[in-house]
Amino acid sequence: MFDFFKKSLKKTLENIAGVKANQKITKDLLEEILLEADVSYELIEEIIYYLPPNDEVKKEDLKRVMSSYFLYEKPKIKDAKPFVELILGVNGAGKTTSIAKLAFLYKNQGQKVILGASDTFRAGAIEQLRLWAEKIGVDFVASSQGHDPSAVAFDTISKACAKGFDRVIIDTAGRLQNQKNLANELEKIVRISAKAMQDAPHRKILVLDGTQGNAGILQAKAFNELVKLDGVIITKLDGTAKGGALFSIARELELPILYVGVGEKMEDLYEFNAEAYLDTLLEPLFN
């Protein structure tokens, strides 16, 4: 896990090392380093406020303060069969690829997986998900473009219940003509899912593009207001020097980061581990 974060945070770590340049870590230098890693200024001030009053920063103190931002508990996997997950996010965030990676992960755990193509708005979204389902070797439910997405969700969950599937992963549209349309569509998918199976969807996950850094937080807040989220997947973490934005995402949304994605390979999705993430960020500061 430590090696994974070292690889995926390479650009962030290079920036940190460049700013540090063998100096002792003072509070002023720490502020500069954290800004370089795309930690928000407001959050940097908060971190520094909770450190001991002396100017030189100690690793154990900094890790203690930073770890407090990742205390939001991951939702427990409910004892539901099938377990239904709704995946949300804007186009281009890596939503479809993340769905494929999740399906691959669950299948490798011996679970029977089915995908539902409820993004009927975007041209090509259905076919893209179909190709992934065929590549991974999991079941798939879809209709035509423009069809009612909540009907697709209902059919997917119904089939999963009837055929003994363990996991249902439902794609959703990332953008409609306006936010009100998107809100109405997502609310309907949630409502109709519960008709197909009580308490479904069991988990609502937002996919966020890691290269957007703090800019993605407003987007995340908007989705959280539309549909109360249960967790976040961060994608493209290997392609950005903004690895510090994970602090702001966790704090502002008060949600757990469930997985981080790097690369295009099916196995390039890892369960988020806060301690490994912090140890990786802090290593170039104190070595």
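A: A crossing of two helices is called right-handed if the near helix is turned clockwise from the far one by less than a right angle, and left-handed if the turn is anticlockwise. In this predicted model, the crossing of H5 past H12 is right-handed. Helix H5 covers residues 59-67 and helix H12 residues 274-286; their axes come within 11 Å and cross at roughly 145°. From H5, the residues Lys59, Leu62, Lys63, Met66 and Ser67 take part in the contact, and they meet Glu275, Leu278, Asp279, Leu282, Leu285 and Phe286 of H12. Sorted by class, this contact comprises six nonpolar, one polar and four charged residues.

Lys59 belongs to helix H5. Beyond its neighbours within four places in sequence, Lys59 contacts Leu282 and Phe286. The C-alpha atoms of Lys59 and Glu283 are 9.1 Å apart, although 224 residues separate the two along the chain. Lys59 is classed as partly exposed because its relative accessible area of 33% falls between the limits of 20% and 50%.

The largest cavity holds about 60 Å³. Its lining consists of Ile16, Ile33, Leu34, Ala37, Met66, Phe247, Leu281, Leu282 and Leu285. H12 gives the largest share of this lining, three residues, and helix H3 (27-36) likewise supplies at least two. By class, the lining has nine nonpolar residues, with no polar and no charged ones. Met66, Leu282 and Leu285 are among the lining residues and also take part in the contact of H5 with H12.

Definitions and conventions. Residues are numbered from 1 along each chain as its sequence is written. This is a predicted model: local features need pLDDT of at least 70, side-chain atom pairs count only at pLDDT 80 or more; totals for chains, interfaces and linings use all residues. Side-chain values use heavy atoms; hydrogens and water are left out. Axes are lines fitted to C-alpha atoms, for helices over the stretch in contact, and angles run from 0 to 180 degrees between N-to-C directions. Helices (H or I, at least four residues) and strands (E, at least two) are DSSP runs, numbered from the N terminus. Contact means heavy atoms within 4.5 Å. Ala, Val, Leu, Ile, Met, Phe, Trp, Tyr, Cys and Pro count as nonpolar, Asp, Glu, Lys and Arg as charged, and the others, Gly among them, as polar. Buried means under 20% relative accessible area, exposed over 50%, partly exposed in between (1.4 Å probe, protein chains only). On a 1 Å grid over the protein atoms alone, a cavity is a set of points where a 1.4 Å probe fits but cannot get out, and a pocket is an open set with protein on both sides within 12 Å along at least five of seven lines; lining residues have an atom within 4 Å of a point. Grid points are joined across faces, edges and corners, and a volume is the space filled by probe spheres set on the points.
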